[in-house]
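Visitor: I am new to this structure and would like a close look at a single part, the open sheet. Please take me through it slowly and show where it sits in the whole.

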Amino acid sequence: SGTLRQEVGVLSVLYGSNGAAPNWFDLAKTDYFHQGILYGASTQQDYDQFGSALAAGDFNSDGRDDLAVGHPGEDVGAAGSDRGGVTILTGSAEMGVGQYFRFVSPGIAGMPGIAQVGQAIGRVLATGDFDDNGHADLVLGAPWHDVVDIGAEVGAEVVFYGSLFADGFAGNSTFAWSAAVP
């Protein structure tokens, strides 16, 4: 028997079907994700809260929605406790959600910002086409981010602008890191 993990978080994806009520979902295609499935068993930690925030949009403009999954309790590297992160799962006709996935957190995978204990990046997520280029963009909220000379826990957000790359975000994509930071 394994060790029971607390508040790790899971995500179940029920795919719609063209059936009449109550057969709206194709349960044979249901996906079940947790960090251990995506990144390996050792990545699951107590209180990661994987799936506590979700945002869907077509980030790579392939005609299928993709999914951003927040896990604000994620402990990452030396910055440690509750730094937070977001996993991005892209959709495909063959595999549904999860054909390609990527983890982002401040200082990882091209994401700007300074890693801080307790900032909880991914606590809040939102999508929209903010730059009006036809690609869905993604906003990641860090409600307890600290800003030098302004104060503790004033919060911040990061905007990932969508593109035609496999994961939906160009390596040279413009990022906006804010919370009263010029």
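**The open sheet in its setting**

Guide: Read from the N terminus on, the elements of the protein follow the order β-β-α-β-β-β-β-β-β-β-β, which amounts to one helix and ten strands; helices (H or I, at least four residues) and strands (E, at least two) are DSSP runs, numbered from the N terminus. The model is a predicted one, in which local features need pLDDT of at least 70 and side-chain atom pairs count only at pLDDT 80 or more, while totals for chains, interfaces and linings use all residues. Residues are numbered from 1 along each chain as its sequence is written, and side-chain values use heavy atoms, with hydrogens and water left out.

The part you ask about is an open sheet of four strands, arranged in the order β3-β4-β5-β6 with antiparallel pairing, where two strands pair if DSSP finds at least two bridges between them. Because β3 (53–57) and β6 (96–104) stand at the edges and each has a single partner strand, one side of each is left without a neighbour in the sheet. From one strand to the next, the twist averages 20°, taken between axes that are lines fitted to C-alpha atoms, with angles running from 0 to 180 degrees between N-to-C directions.

Within the sheet, strand β4 (residues 66–71) and strand β5 (residues 85–92) are joined in the antiparallel sense over five bridges, and Leu-67 stands opposite Leu-89 in β5.

As for the whole, 45% of the 182 residues of the protein count as buried, that is, under 20% relative accessible area with a 1.4 Å probe, protein chains only.

Methods: Buried < 20%, exposed > 50% of the residue type's maximum accessible area, 1.4 Å probe, protein only.
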